[in-house]
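Subject: Structure handover

Hello,

I am passing on the structure we talked about, with notes on what was found in it. Please look through it before reading on.

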Amino acid sequence: MGEPRKPAAVAARRSAVSKRPDPGARIQQVAPIVPEPEVHKAFQLHTTCLTASAQMPDGYPKKIRCNPFTVGDIKTLVYAPQDEMYYETLVNVFNPLCDVDVSQLTVIDFEALILFMRVNVCGPTSAYNITCSKCGKVSPAIVNLRQFKLTSLPSTYSEPKKLETISLGLPRVYARMTYERINNVDMDRWALHIMEGNSAEEKIKLFDKQDPGVFEDMMKFSKAVADAGVDPTWPFHCRKKFDADGHESSTGEPCDFQEDLVVPFRGQFFLPEHTSGDTK
Ligand SMILES: [Zn+2]
């Protein structure tokens with residue numbers, strides 16, 4: 001057997017791209033010469049910010065346009081170390097997908113964006129194995145992420161609120177990111193309301209310099225927006241049943257324990273629920 005003959009189309013394409021085509025060759029397929037497409041990013045999704053009705057600083061976006069996660073992005077989000085650097089991982093994954101610099105967003109807009117992307121790209125449900133705080137047994141649970149309550153910032157909210165040497169606003173993503181990296185006393189979280197400073201450390205230093213009156217202003221400011229944002233709580237209800245000896249039994253006494261669980265925007269949250277298999 002000799003070498004297999006090249007298909008006619010391949011031979012023709014070869015001659016079409018060679019510098020000196022054989023004038024006798026019949027050209028069957030030639031790619032038309034078109035100018036390079038204009039480099040512009042098209043976005044497939046968009047969502048309105050929770051801060052859209054409030055009076056935000058000039059240039060703050062009302063809407064975020066974004067593209068869906070790639071498979072690689074989802075792998076990164078699911079398998080990245082679940083530690084103090086995870087918030088930065090979120091920022092690094094979301095930034096190239098969005099038309100805004102997500103590190104400059106308010107934390108509440110970023111969380112709403114994360115939820116929006118999760119629901120629209122991976123679907124509205126997430127599967128968890130939940131350990132009951134009462135009986136200690138593990139139950140599989142499907143969390144419907146659309147149940148999370150989203151509260152927009154009131155239109156009366158206005159920032160920055162100028163004080164003497166600092167101004168106040170909602171915590172921003174870059175500040176939260178640097179805050180996560182440092183192990184801090186919880187009280188320092190208040191410093192994230194300070195708009196000046198490029199990191200949590202700088203904001204904490206500024207905060208420490210203020211007199212106690214500033215803390216009161218911060219509390220008032222923070223109270224006005226306490227309800228705004230994503231509330232990722234999900235009501236868990238344990239349906240396990242136990243016989244008199246404490247063993248699981250389909251006819252025994254139900255555990256019936258109920259508690260509100262907070263779903264963290266980490267690893268498992270981004271794993272799409274497998275549609276095959278157990279659909280309980
Ligand atoms: Zn239980």
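A residue is called buried if 20 or more other C-beta atoms lie within 10 Å of its own, exposed if 12 or fewer, and partly exposed in between, with C-beta atoms placed from the backbone. Asp 256 counts as partly exposed because it has 13 C-beta neighbours inside 10 Å. Asp 256 also has a positive phi of about 65°, although it is not a glycine. Its place is the loop between β11 (253-254) and β12 (258-262). Helices (H or I, at least four residues) and strands (E, at least two) are DSSP runs, numbered from the N terminus.

Two points on the source. The model is predicted, so local features need pLDDT of at least 70 and side-chain atom pairs count only at pLDDT 80 or more, while totals for chains, interfaces and linings use all residues. Residues are numbered from 1 along each chain as its sequence is written.

The chain as a whole

The protein chain has 7 helices and 12 strands. Of its 280 residues, 21% are buried. Two residues are in contact if their C-beta atoms, placed from the backbone, lie within 7 Å. Among contacts between residues at least 6 apart in sequence, 60% join residues at least 24 apart.

In helix α5 (residues 173-181), the buried residues are Val 173, Ala 175, Arg 176, Met 177, Thr 178 and Tyr 179. The cover over these buried residues includes α3 (86-94), α4 (107-122) and α6 (200-209).

Ile 182 lies in the loop between α5 and α6. Ile 182 counts as exposed because it has 12 C-beta neighbours inside 10 Å. Leaving out residues up to four places away in sequence, Ile 182 touches Ala 200 and Glu 201. Ile 182 and Glu 201 are 19 residues apart in sequence, and their C-alpha atoms are 8.3 Å apart.

Two other loops

Gln 82 sits in the loop between α2 (71-79) and α3. Gln 82 is partly exposed because 13 other C-beta atoms lie within 10 Å. Not counting residues up to four places away in sequence, Gln 82 touches Arg 266 and Gly 267. From Gln 82 to Gly 267 there are 185 residues in sequence but 7.0 Å in space, C-alpha to C-alpha.

Glu 159 and Pro 160 are joined by a cis peptide bond, with omega about 0°. Pro 160 is in the loop between β5 (149-151) and β6 (161-162).

Regards
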